[in-house]
Amino acid sequence: MLLNLIVPILKRQRYFLTAAAATLTMFGLSYYLMVFNITDKNIVAYAYMNGTWYTIGSLILTALISIMLGLYLAVWRFRRELAAARNTAGHAALSASGALGGLLAAGCPTCGAPLLALLGAPLALLALPFRGLELKALSLILIFLSVYSLAENLYKQLSCACEISAPAPKNNL
């Protein structure tokens, strides 16, 4: 159901561009925050400091979070333009919390996460068992739930609208 709704939406250029722009912006911002405190802002130095597998896992989770956020914004824009419903606060809160969690977890656990430094805990990722990957996984789950919930709600509204607008069968008596 989710793909049956999202794929046709993304086939429209404006929604695809919305998803692509949001995905690239989120990934670029997350990547920048990840290597912010590294010398020369180099991903190879980041991998050397934190381990190759940790870096690969972090980049994969960051990419997935970025893609899901892009999908969410495209579906949200489609829904808003259809003016099918006005109340998307619950979906927006889930998506925003997932995106914020992904950005908070972006950073080098050994040299400090820039956004966590604003909260007074730059090395907080070191205290976590997986050094922040669990925050990214939780963010991914929250954004996925948000996209799923929004798409399910939109699907119900579209199928309901089709039932209402369907012509009544003719009685040929």
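Guide: Here is a short tour in that order. This is a predicted model, so local features need pLDDT of at least 70 and side-chain atom pairs count only at pLDDT 80 or more, while totals for chains, interfaces and linings use all residues. Residues are numbered from 1 along each chain as its sequence is written, and side-chain values use heavy atoms, with hydrogens and water left out.

Visitor: Which residues of helix α3 are buried?

Guide: Tyr46, Ala47 and Asn50 are the buried ones in α3, residues 43-50. Buried is under 20% relative accessible area, exposed is over 50%, and partly exposed is in between, with a 1.4 Å probe and protein chains only. Helices are DSSP runs of H or I, at least four residues, numbered from the N terminus.

Visitor: Why do they line one face of the helix?

Guide: Seen down the axis of α3, the buried residues fall within an arc of 100 degrees, so they line one face. That arc is taken over the directions from the helix axis to the C-beta atoms. Val44 and Tyr48, on the other side of α3, are exposed.

Visitor: What do the buried residues of α3 pack against?

Guide: They pack against α2 (13-34) and α4 (52-82). Contact here means heavy atoms within 4.5 Å.

Visitor: And what's at the ends of α3?

Guide: Asn42 caps the N-terminal end, with a side-chain oxygen 2.8 Å from the backbone nitrogen of Val44. Just after α3, Gly51 takes a positive phi of about 100 degrees.

Visitor: New topic: how many residues are in the largest nonpolar core?

Guide: That core has 28 residues, and Ile9 and Val147 have the most contacts inside it. A nonpolar core is a set of buried Ala, Val, Leu, Ile, Met, Phe, Trp, Tyr and Cys residues joined through side-chain atoms within 4.5 Å. α4 gives the most to this core, with ten residues.

Visitor: What is Ile9 in contact with?

Guide: Leaving aside neighbours within four places in sequence, Ile9 is in contact with Tyr15, Ala74, Val75, Phe78 and Leu154.

Visitor: How many salt bridges does a search of the whole structure find?

Guide: Two. A salt bridge is a side-chain nitrogen of Lys or Arg within 4 Å of a carboxyl oxygen of Asp or Glu. Glu81 pairs with Arg14, the closest N and O atoms being 3.4 Å apart. Glu81 lies in α4 and Arg14 in α2, so the pair ties together parts that are 67 residues apart in sequence.

Visitor: And the other one, with Arg77?

Guide: Arg77 forms a salt bridge with Glu81, with the closest N and O atoms 2.9 Å apart. Both lie in α4, four residues apart, about one turn of the helix.

How values were computed:
Helices (H or I, at least four residues) and strands (E, at least two) are DSSP runs, numbered from the N terminus. A polar contact is a pair of N or O atoms within 3.5 Å; within protein, one must be able to donate a hydrogen and the other to accept it, and residues adjacent in sequence count only if both atoms are side-chain atoms.
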